[in-house]
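Please read this briefing alongside the sequence and the coordinates.

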Amino acid sequence: MNLFDYGREKFMMSQAPLALRMRPRTLEEFVGQQDIVGPGRMLRRAIEADQLSSLIFYGPPGCGKTALAQVIAKTSAARFIQVNAVTAGVKELRQIIDEAREQLGMYQRKTIVFIDEIHRFNKAQQDALLPSVEEGIIILIGATTENPYFEVNKALLSRSRVFEFKPLKDEEIALLLRRAMEDKKRGLGSYRFEVDPDAFKHLVHMAAGDARIALNALELAVLTTPPGDDGVRRITLQVAEDCIQKRAVRYDRAGDEHYDVVSAFIKSLRGSDPDAAVHWLARMIYAGEDPRFIARRMIILAAEDIGLADPMALVVANAAAQAVEYVGMPEARLPLTEAALYLACAPKSNAVIKAIDRALDDLAKKPVGEVPVHLRDAHYKGAAELGRGRGYKYPHDYPGNYVEQQYLPDELKGVTYYHPSSNGREAEYRERLMYKKEEKHKKLNKT
């Protein structure tokens, strides 16, 4: 780095956002992810010994993925090259690999290539990295907010160690904010300001584990608050609310969090917890999830997990889906919530899905025979001559609109697919079916 580069970098750093200026320089300054880089942990030992293999850092924004990569850059003797997956192409990657090969051959110096947003690399770009990673020409560190098992080349994954980063805890966010408030060189310590306890708590809480959001909101609050008569800037709760107006809810409609939240929503409905169901529904609505998707999932649950224990559940879920189309958001949040609460409170039974799955399983594995003659269609021309429908007993001609006769093929005679539960309306169906079976046995015993 020459004098001009140094001057430019120093100026850029002074103008950088607080979150960038306060990035840790050592492992001791690094906050959070103690399961990964805490004392004695494998990754920490590898960093301290400068014996790294290729790594993938996976986690939400603002949890320290890039910060840890920068710590590695400062502590390792290897060349460190940072690449942004949004702007880099295959040509640039090949040039980096060629230089790394030269450094390794001539000076026995390793090269660490850090790729931010690695999930944005297409297949060709990821394939270009594979041989050099496999040969050890470069040590790859990739950072991604998307599940790498979905987004990263499997061959590349098999040659890397994946570390999952968690959102920072409130106490960790608070520690970072206090550091920034006190640091006079990189932080805001050169300003005279006070942060009300309620305002501080609000910044910590609303950051939702994202250090970048918390630090940048603090900086905005300090820089935009005019000093009082005594020269002190007072950061009130109102100021904090203005600077971090909306909580950062982790939810990517195309990513891992999408599936986790939907799974929690469905399991809460199935588990009959209306409060949890409304929470997960609210999280999806807040994050902009497609309401049609939510409605479709509730329709499926109504049939799969409630079924005939409460037949109205499917009606309510379907009505909510129609309301989404007819009313639209944000008003459609109300029928969606009504449906979610109804499904959560409804009696549960999975007898419907078990019945159809048993029947489908028999079709796949057993000889199922033909339609019995007495059940065949007798209305078309020539059907009577062929004996179609002969012997069929019309239930409405019998007391109670019921008469015992065979409805299954001979090969499946006596098979039971539907086992109603004792919950809700199914208890009635269970009692009715049991009564019919008892009547059938009585007739058999008489004969």
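In strand 3, F114 is the bridge partner of Q82, where strands are DSSP runs of E with at least two residues and helices are runs of H or I with at least four residues, both numbered from the N terminus. The model is a predicted one, in which local features need pLDDT of at least 70 and side-chain atom pairs count only at pLDDT 80 or more, while totals for chains, interfaces and linings use all residues. Residues are numbered from 1 along each chain as its sequence is written, and side-chain values use heavy atoms, with hydrogens and water left out.

**The sheet**
- Strand 2 and strand 3 (residues 111-116) are joined by six bridges in the parallel sense, and two strands count as paired if DSSP finds at least two bridges between them.
- Within this pairing, F80 stands opposite I112 of strand 3.
- The open sheet as a whole is formed by five strands in the order 2-3-4-1-5, with parallel pairing; its edge strands, strand 2 (79-84) and strand 5 (161-164), each pair on one side only.
- From one strand to the next, the twist averages 15 degrees, with axes fitted as lines to C-alpha atoms (for helices over the stretch in contact) and angles running from 0 to 180 degrees between N-to-C directions.

- Helix 6 (residues 90-107) lies across strand 2 and strand 3 and runs at about 175 degrees to strand 2, contact being defined as heavy atoms within 4.5 Å.

**Domains**
- The protein is divided into domain 1 (33-164), domain 2 (170-243), domain 3 (256-348) and domain 4 (368-445), with bounds that come from an automatic or database domain assignment.
- The centres of domain 2 and domain 3, taken over C-alpha atoms, are separated by 39 Å.

**Cysteines**
- The count of disulfides is zero, a disulfide being a pair of cysteine sulfur atoms within 2.5 Å.
- C243 counts as buried because its relative accessibility is 16%, whereas C345 is exposed, with a relative accessible area of 58%.

Notes
Buried < 20%, exposed > 50% of the residue type's maximum accessible area, 1.4 Å probe, protein only.
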